[in-house]
Amino acid sequence: MRLSTETPGAGLAGATQAPRATAQDRRQWQERFEAFRARGLSIDMTRGKPCAEQLALSDALLDLPGRGDFLTEDGGDARNYYGGPLGLPEARRLFCTMLDATPEQVAVGNNSSLALMHDMLAFAVLHGVPGGAQPWSRETDRFLCPVPGYDRHFALCEAFGLEMVPVPMTGRGPDMDAVEALARDPRVKGMWCVPLYSNPTGETYAPDVVERLARMQTGAPDFRLFWDKAYAVHHLTEQAEGVPSILALSAQAGHADRPLVFGSTSKITFAGAGLGLLAASRANLDWYAGHAGVRSIGPDKLNQLRHVRLLRDHAGLLVHMQAQRAILAPKFAIVQSALERHLDGRGVATWTRPRGGYFVSLQVRNGCARRVVALARQLGIVLVPAGKTHPQGHDPRDSTLRLAPSFPDPADLATAMEGICLGILLACTEEPLP
């Protein structure tokens with residue numbers, strides 16, 4: 001597996017201003033660092049995991065659908081072999097708005113959208129996709145990867161031998177001039193996209209970016225957009241952001257089979273016991289159902305039924321997510337407050353201020369991200385390894401960090417942020433600690 005270097009630079013520019021720190025500043029930071037280290041902390045900020053309070057919002061699922069409540073809206077027995085690979089009609093209807101699709105375009109699977117992405121790649125590599133001449137395994141295949149991006153997307157590419165071609169994010173989505181130029185290569189088979197509150201930058205694709213992705217010319221007739229709406233209803237403010245329907249725009253442009261839209265309830269209900277979601281064209285859904293039907297008789301219909309009972313409809317889903325926001329938004333405020341208080345004006349870091357999603361992207365001085373992670377670990381604060389936001393774990397600038405505020409309680413989060421900021425100040429000024 002190799003990482004393509006044919007695109008312009010990957011990732012956002014690091015904080016390259018000359019840091020301003022006096023010898024007295026440095027001594028004070030070192031003293032605070034030693035005092036922090038003596039506290040013996042253990043705070044995990046590696047992943048965007050829901051906290052216990054968020055999970056508790058869905059505890060009613062533990063009693064649903066309830067003894068005797070196992071019949072679907074059309075009278076089927078959800079305990080039995082029933083329904084097929086596309087899921088219950090009521091579950092498909094519940095989540096279609098979240099995916100900017102019609103119920104007929106939606107399939108509801110088991111607990112993980114990542115598993116659905118894995119299956120889509122596996123089916124494409126083994127069998128090919130509608131509109132393609134042969135299985136992807138018979139060709140030299142490339143995938144466009146916006147960076148900074150989601151490490152699990154990159155891991156899937158590595159697992160299936162897909163060469164990753166990085167394209168930079170711009171603050172309003174991927175650099176479309178670069179994307180359109182690269183997509184003309186017939187070896188480029190697909191592209192990862194997190195269009196709403198991207199992981200980790202938190203940016204939302206601008207409407208013109210979505211339109212260009214839908215209508216652009218591609219060298220491969222079987223090109224696919226892997227459109228991961230992981231944070232479709234995960235707003236942190238009253239002003240919810242959104243993106244145009246990639247399914248509708250692609251169909252209008254004559255590329256109805258281009259998008260595969262993914263979602264899940266992993267950060268809505270129970271992270272490990274939710275539902276995975278897929279929306280796609282009729283041809284793509286038939287293709288998926290044909291291969292998925294060989295793999296399994298069908299997904300867990302009882303779990304689909306309990307989610308329908310809990311959330312009821314799209315309006316009920318939004319009410320549920322307002323309760324999620326009430327827990328999450330104050331944590332993101334803690335992160336922003338700490339960064340501003342400790343780092344603003346120092347010339348050592350810049351950061352995003354997301355309006356939704358699960359992450360804050362932090363750019364430190366070039367060459368310092370790995371050192372920050374190592375210093376944080378000395379304080380008992382575990383961050384995702386530097387480089388994970390780039391294909392093969394290689395951030396060429398060693399400048400990108402991803403902060404995940406959701407899991408720690410507010411007091412621990414405030415403590416962790418103070419330690420992280422201290423690590424940034426030390427790593428980005430003069431010589432690092434031995």
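Predicted model: local features only at pLDDT ≥ 70, side-chain atom pairs only at ≥ 80, totals over all residues.
Residues are numbered from 1 along each chain as its sequence is written, and side-chain values use heavy atoms, with hydrogens and water left out.

Let me begin with helix H10, residues 301-311; helices (H or I, at least four residues) and strands (E, at least two) are DSSP runs, numbered from the N terminus. Its buried residues are Lys-301, Asn-303, Gln-304, Leu-305, His-307, Val-308 and Leu-311, where buried means under 20% relative accessible area with a 1.4 Å probe, protein chains only. The cover over these buried residues includes helix H3 (89-96), strand S2 (106-108) and helix H11 (314-343).

Now to the cavities, of which a search of the whole structure finds two of 30 Å³ or more. A cavity here is a set of points, on a 1 Å grid over the protein atoms alone, where a 1.4 Å probe fits but cannot get out, and lining residues have an atom within 4 Å of a point; grid points are joined across faces, edges and corners, and a volume is the space filled by probe spheres set on the points.

The largest cavity has a volume of about 90 Å³, and of the 13 residues that line it, Pro-146, Gly-149, Tyr-150, Val-194 and Asn-199 are the closest to its centre. Helix H5 (151-159) and strand S5 (188-193) are the elements that give two or more residues to this lining.

The second largest cavity, at about 40 Å³, is lined by His-234, His-235, Leu-236, Met-321, Gln-324, Arg-325, Leu-328 and Tyr-358. Domain 1 (23-48 + 318-428) and domain 2 (64-312) each supply at least three residues to that lining, the domain bounds coming from an automatic or database domain assignment.

Finally, where does Thr-352 sit? Thr-352 lies in the loop between strand S9 (349-351) and strand S10 (360-364), and it is buried, with a relative accessible area of 16%. Its side chain reaches the backbone nitrogen of Ser-361 at 3.0 Å, a polar contact being a pair of N or O atoms within 3.5 Å; within protein, one must be able to donate a hydrogen and the other to accept it, and residues adjacent in sequence count only if both atoms are side-chain atoms.

How values were computed
Buried < 20%, exposed > 50% of the residue type's maximum accessible area, 1.4 Å probe, protein only. Contact = heavy atoms within 4.5 Å. 1 Å grid on protein atoms, 1.4 Å probe; cavity = no way out; pocket = protein on both sides within 12 Å on 5 of 7 lines; lining within 4 Å.
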